[in-house]
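Hi everyone, thanks for coming.

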Amino acid sequence: MATQWWQEVVVYQVYPRSFYDTDGDGIGDLQGIIAKLDYLAELGIGAIWLSPVYQSPNDDNGYDISDYQNIMAEFGTMADMDQLIQEAKRRNIEIVMDLVVNHTSDEHPWFVDAKKGKESPYRDYYVWSDLAPDGGVPNGLVSNFSGSAWTLDEASGQYYLHLFSKKQPDLNWTNPQLRQEVYDMMNYWIDKGIGGFRMDVIDLIGKIPEKEIIGNGPKLHDYLQEMNRATFGGKDLLTVGETWGATPENAKLYSDPKRHELSMVFQFEHVMLDQEPGKTKWDLAPLPLNELKEALARWQTELGTEGWNSLFWENHDLPRVISRWGNDQEYREASGKFFAIILHLMKGTPYIYQGEEIGMTNAPVTDISQVADIESINLYHERLAQGYSKEAILESINRKGRDNARTPMQWDDSENAGFTTGTPWLAVNPNYREINVAQALADENSLFYTYQKLIQLRKDHPLVVWGDFELLDTAPELFAYVRRYEGQTWLVVGNFSNENLALDLPGYQVVETLIHNYPGEIGELTNRQLAPWEAMVVAVTES
């Protein structure tokens, strides 16, 4: 596999609404991102994945787009966007735009026109269906945001499809004219100098609704190859697809360079392990540690040279990993460093979600009135009607709800965590006085500097990018693997628990301690006790 810049960098996701507000309206903005570029450069990242900043009525926080070639007024102007791209480039940081083309807003001009009637030239840009013979919905497709995926347009007597909110009608990718409009829009952004695209739920664009086929439809890869040819092919851009149903086998279809589709995909096998089998993310189950290790290892080894992996614990749709699987109380820093070390030494492109680098945590609520996320709100009312208790529903929302990741970035210990001088659009986590960027930068042993060092290790050592991976067979709570490259061997070890843990790896002799989340150099790897959440990377020789 030829070397690409996106294999060697670490990507940082910015959720603009919650990052930094410069005009006091309580909502983060593009000038706020520009103001913090030096902070991100100090961290060492090479790209920003920017969640949507396009014009939107904001039913789903910008993932419902009404104009792909304009900026939401709350975030700023296109001049601000151009400035962000250029200022980032000056710091060797690329801007990766969020591409949302499975659906639009119902306020997009295409859909507004499509609703005028069956004769509209834009009618076929969306997915429509007649009523079922009994007068009901066309079939059993359900929305990811609860309820049927079909809503009746009473004027025309037809249903339109929305796999998400009813204000997010699905685009009809079988229409070649629609596809060309999407490609023209993508080229508009490429011409502005962006570094690539993160593609929202891209595995859904090949859907065949009448057959209830949603993900990985038969034409999906034809569309992606056409998109590649028409837009980013040969342009040295990062393209990553959000693919909830990906397996190592079909991930190769997306990311094998010979197939001319995408750079990589986000796969979610590991983040679905703490839910009851066959149920939704809201149906909570203990995390099976062996299955987590095996899932991550499978993605490390099975792609081979036919694909490229993405590495992440968090994003705007997922809870904070320290609260989810770590210890956000007495071992918050240690467990945060554990997750950072374990992830960033794997093969693939790592993604950091804003605030992850300072150890931000979930922000529990006590009432649904405190929740902003449409998915959580819909779930609450749906489950209340099904007889669930308020307490049980709120427990699920507090564990898995998307607002956990969306509370404002905690910059310092001043009012509203330094995020805004106004009233924040979503309440700041009350722990901001203890957990914030200013505190992290002032403490040379903070989680921030662990992330900074991990990013520097990646820049300095090709082993981190290209080395082979081997998972070691250990106790469930011991996460241990080896990376090998051109005669070098590194051992990565971590204690995935709140207890001391025995470490006995007699086949490895330590040459150098590269990173360690507890004080001191590592000497022996036998007859040793690992402290809770202790993690290390050591160069070793093997015997």
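In the contact of helix α6 with helix α7, R179, Y183, M186 and N187 of α6 meet Y223, E226, M227 and A230 of α7. Contact here means heavy atoms within 4.5 Å. By class, this contact has 5 nonpolar, 1 polar and 2 charged residues. Nonpolar covers Ala, Val, Leu, Ile, Met, Phe, Trp, Tyr, Cys and Pro; charged covers Asp, Glu, Lys and Arg; the others, Gly among them, are polar.

Before I go on, a word on the source: this is a predicted model, where local features need pLDDT of at least 70 and side-chain atom pairs count only at pLDDT 80 or more, while totals for chains, interfaces and linings use all residues. Residues are numbered from 1 along each chain as its sequence is written, and side-chain values use heavy atoms, with hydrogens and water left out.

Back to our pair. At what angle do α6 and α7 pack? Helix α6 is residues 176-191, helix α7 is residues 220-230, and they pack at about 40 degrees with their axes 10 Å apart. The axes are lines fitted to C-alpha atoms over the stretch in contact, and angles run from 0 to 180 degrees between N-to-C directions. The two helices are therefore oblique to each other; under 35 degrees would be roughly parallel, over 145 roughly antiparallel, 65 to 115 roughly perpendicular, and the rest is oblique.

Now the whole chain. The secondary structure comes to 17 helices and 20 strands, which are DSSP runs numbered from the N terminus (helices are H or I, at least four residues; strands are E, at least two). Of the 543 residues, 61% count as buried, meaning under 20% relative accessible area with a 1.4 Å probe, protein chains only. The C-alpha atoms fill a box of roughly 75 × 50 × 50 Å along the principal axes.

Next, please find helix α13, residues 390-400. Its buried residues are I393, L394, S396, I397, N398 and K400. The cover over them includes α10 (321-324), α12 (374-385) and α14 (403-406).

Last stop: where does G355 lie? G355 is in the loop between β13 (349-353) and α12. At 0% relative accessibility, G355 counts as buried. Leaving out residues up to four places away in sequence, G355 touches Y12, R320, M360 and M409. G355 and P408 are 53 residues apart in sequence, and their C-alpha atoms are 9.0 Å apart in space.

Terms used
Buried means under 20% relative accessible area, exposed over 50%, partly exposed in between (1.4 Å probe, protein chains only).
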